[in-house]
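Please read this short briefing alongside the sequence and the 3D structure.

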Amino acid sequence: MSVTAAKGFTAAGIAAGIKENGNPDLALVVNTGPRRAAAGVFTSNRVKAAPVVWSQQVLADGELTAVVLNSGGANACTGPQGFQDTHATAEKVAEVLSAAGAEVGAGEVAVASTGLIGLLLPMDKLLPGVAKAAAELSPHGGEKAAIAIKTTDTVHKTSVVTREGPGGGWTVGGMAKGAGMLAPGLATMLVVLTTDADVDSAGLDSALRAATRVTFDRVDSDGCMSTNDTVLLLASGSSGTTPGRDDFTAAVREVCDDLARQLIGDAEGASKDIRIEVVNAATEDDAVEVGRSIARNNLLKCAIHGEDPNWGRVLSAIGTTRAAFEPDELNVAINGVWVCKNGSVGEDRDLVDMRYREVTVTADLAAGTESAVIWANDLTADYVHENSAYSS
């Protein structure tokens, strides 16, 4: 049930007419309480969409009652009018929820958008759509909400984790969209997470940042960072249970990790999912930097698409980083075969089986004890076609 798996949440997903094809394009998620704590992480792109700027502002007090999300338009690089439209959207959500007796202000509503950059949203369709979505809010509306935020996604993405404890059971649920521009800083595309655990905003913020740092922030499908990346975590407290900090963080991380893997698995045009593990690095930062460099090496991505274990392209990617290593001590394995040892030829490359969807690249820096995992995809003709023939 996605974002409505946790108690204390309703959701809806409808077609407001933002997309010309008539597909669902507007989602609404509402926290019915009793707690309305929230936290968020956003793109580190310096060019930020109006909804990102708005949502960062309204999260300053650590509380949210609702999140409204649209696909079919990013509302990014749209100037003062774009921000006014974001504000008007939040005002409309507050209006319709207050009319139903909830007493909500616009400052309690986060806004998220995804789609083409540089075009104003059709507010004559979006605002009536908000009223329509509010009328369809349901504890069973999570899946429809997840469908409504898709753009080039081929499938909607949801995840749920439930825990039992001495104080009773509690749940973390979530939905995500994203199939391109997956190279985030702190988040990836649009993600809404919900929990009925009784956790304050500081606890949510700590858990969310710890989880996204090693999940969404380590997805690097195509090296392109969005202007709209948003991950929100809302707590209703309706389970009445306050889990331990470590238990809660682990549950949030599990949901984020599942959603991040689904994002990679649905990446535009991809035929391979690449797990890049950097081991024996001097620092974790070194491991992440090397992993990202390998993930963004187009020559390597093409080789993996062609099922060619071209380990030289891995070494050349490592060599562009500032990480600590000695070139003649580097080791590289592809799908468990150490094709490069001590910076030179290793095991027979013909032993590497690359027929399957998942490919593992292991880079051993022989410089320390730290490690990191980055997920990426191969580079295909389908990716080029989708991003040249379609405005996404």
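**Briefing: loops, helices and cores**

Proline 34 sits in the loop between β2 (26-31) and β3 (37-42); helices (H or I, at least four residues) and strands (E, at least two) are DSSP runs, numbered from the N terminus. This is a predicted model, in which local features need pLDDT of at least 70 and side-chain atom pairs count only at pLDDT 80 or more, while totals for chains, interfaces and linings use all residues. Residues are numbered from 1 along each chain as its sequence is written, and side-chain values use heavy atoms, with hydrogens and water left out.

**Loops and backbone**

- The peptide bond that leads from glycine 33 to proline 34 is cis, and its omega is near 15°.
- Asparagine 75 lies in the loop between β4 (66-71) and α2, and its phi is near 50°, a positive value in a residue other than glycine.
- Asparagine 75 counts as buried because its relative accessibility is 1% (buried means under 20% relative accessible area, exposed over 50%, partly exposed in between, with a 1.4 Å probe and protein chains only).
- Glutamate 307 belongs to the loop between α8 (298-305) and α9 (311-318); its phi, near 60°, is positive in a residue other than glycine.
- With a relative accessible area of 38%, glutamate 307 is partly exposed.

**The pair α1 and α2**

- Helix α1 (residues 50-58) and helix α2 (residues 79-99) have axes that come within 8 Å and cross at roughly 55° (axes are lines fitted to C-alpha atoms, for helices over the stretch in contact, and angles run from 0 to 180 degrees between N-to-C directions).
- That angle makes α1 oblique to α2, since angles under 35 degrees count as roughly parallel, over 145 as roughly antiparallel, 65 to 115 as roughly perpendicular and the rest as oblique.
- Ala50, Pro51, Val53, Trp54 and Gln57 of α1 make the contact with Gly82, Phe83, Thr86, His87 and Ala90 of α2 (contact means heavy atoms within 4.5 Å).

**Nonpolar cores**

- The largest nonpolar core has 50 residues, and Leu28, Leu64, Val67, Val68, Leu69, Val93 and Met175 have the most contacts inside it (a nonpolar core is a set of buried Ala, Val, Leu, Ile, Met, Phe, Trp, Tyr and Cys residues joined through side-chain atoms within 4.5 Å).
- Another core, of 32 residues, lies apart from it and includes Ile276, Ala281, Val314 and Cys340.
- Leaving out residues up to four places away in sequence, leucine 28 touches Thr10, Ala11, Ala12, Ala66, Val67, Val68, Val93, Ala133, Ala134 and Leu137.
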